[in-house]
Amino acid sequence: MSIIRRQLVLAVTAAAFGLAAATVQAADPAKTSLTLGATAGYNYDVLKKAVAPQLEKQGYKVKLVEFNDYVQPNMALAQGSLDANLFQHITYLNRFKTDQKLDLIDLVQSTTAPMGIYSESRKSLADLKDGDRVSLPNDPSNLARALQLLVQQNLVTVKPDVDALRVSERDVVGNPKNLKFQPIEAAQLPRTLGDVAIAIVPGNFATASGLKFTSALALEKPPVQYQQVVAVRKGDETKPWAQDLAAAFKSPFFKQVLDQDFPGYTRPAGL
């Protein structure tokens with residue numbers, strides 16, 4: 001190979017390498033490391049399988065943090081130890097940030113696992129007996145969601161003028177089976193199945209504990225108010241890294257992962 005040709009090959013190789021390097025470094029130059037939090041189960045898996053690979057390909061270093069409650073992910077985000085989190089629906093986010101006076105905002109919609117009614121002792125809801133115990137989430141927004149699921153299944157009725165997103169036990173006006181409600185922390189609900197007739201479990205904690213949607217006695221069809229969102233600190237939503245994060249949830253790759261690993265889940269609009 002002539003010297004001129006060798007130099008040309010080296011120049012082309014260097015240019016190609018430089019282009020590849022530039023592509024890898026195309027992430028937000030002001031922030032190339034991202035820490036994302038999620039609750040155990042499908043939210044964490046969505047980040048791991050469908051989002052982190054895209055961000056890493058863009059040059060970001062991604063750290064995932066797993067949580068087992070509905071309080072710490074938002075507190076960690078507000079305090080700056082997380083850049084974004086994925087674990088809550090918009091109704092919960094709006095209530096939590098108002099109650100706690102936090103400057104958080106939803107960035108993009110994610111996929112959602114439906115809340116379900118599960119049982120080890122009842123084969124159907126028709127098998128419920130008078131006075132049966134029901135465990136359900138104790139946080140206000142998911143409690144309202146669980147009670148609405150019972151309304152949809154004709155097990156209880158609530159005051160006609162009550163806000164559907166703020167329903168609580170005191171709003172129940174009809175309870176033909178005299179069901180006994182036991183609100184507890186959502187993450188603990190799967191563990192109550194041996195002690196109650198039915199447990200109403202949010203989708204992420206159901207999948208995290210090994211419960212199958214196909215085994216549920218009933219599943220909700222979550223309205224947009226109960227679909228999962230990614231949250232960031234207010235002011236971050238317009239930053240390049242946040243826009244890259246949002247784009248990852250709208251990409252063909254995200255849809256491909258949903259098709260393969262998350263069949264039956266409620267999807268973001270457009271997917």
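Which strand or helix supplies the largest share of the lining of the largest cavity? In this predicted model, local features need pLDDT of at least 70 and side-chain atom pairs count only at pLDDT 80 or more, whereas totals for chains, interfaces and linings use all residues. Residues are numbered from 1 along each chain as its sequence is written, and side-chain values use heavy atoms, with hydrogens and water left out.

The largest share, three residues, comes from S3, where strands (E, at least two residues) and helices (H or I, at least four) are DSSP runs numbered from the N terminus. A cavity is a set of points, on a 1 Å grid over the protein atoms alone, where a 1.4 Å probe fits but cannot get out, and its lining residues have an atom within 4 Å of a point. The largest cavity holds about 80 Å³ of space, the volume being the space filled by probe spheres set on points joined across faces, edges and corners. Of its 14 lining residues, Tyr70, Phe87, Asn142, Arg145 and Gln228 lie nearest the centre. Because domain 1 (33-112 + 225-262) and domain 2 (116-221) both give residues to this lining, the largest cavity lies between them; the domain bounds come from an automatic or database domain assignment.

Definitions and conventions
1 Å grid on protein atoms, 1.4 Å probe; cavity = no way out; pocket = protein on both sides within 12 Å on 5 of 7 lines; lining within 4 Å.
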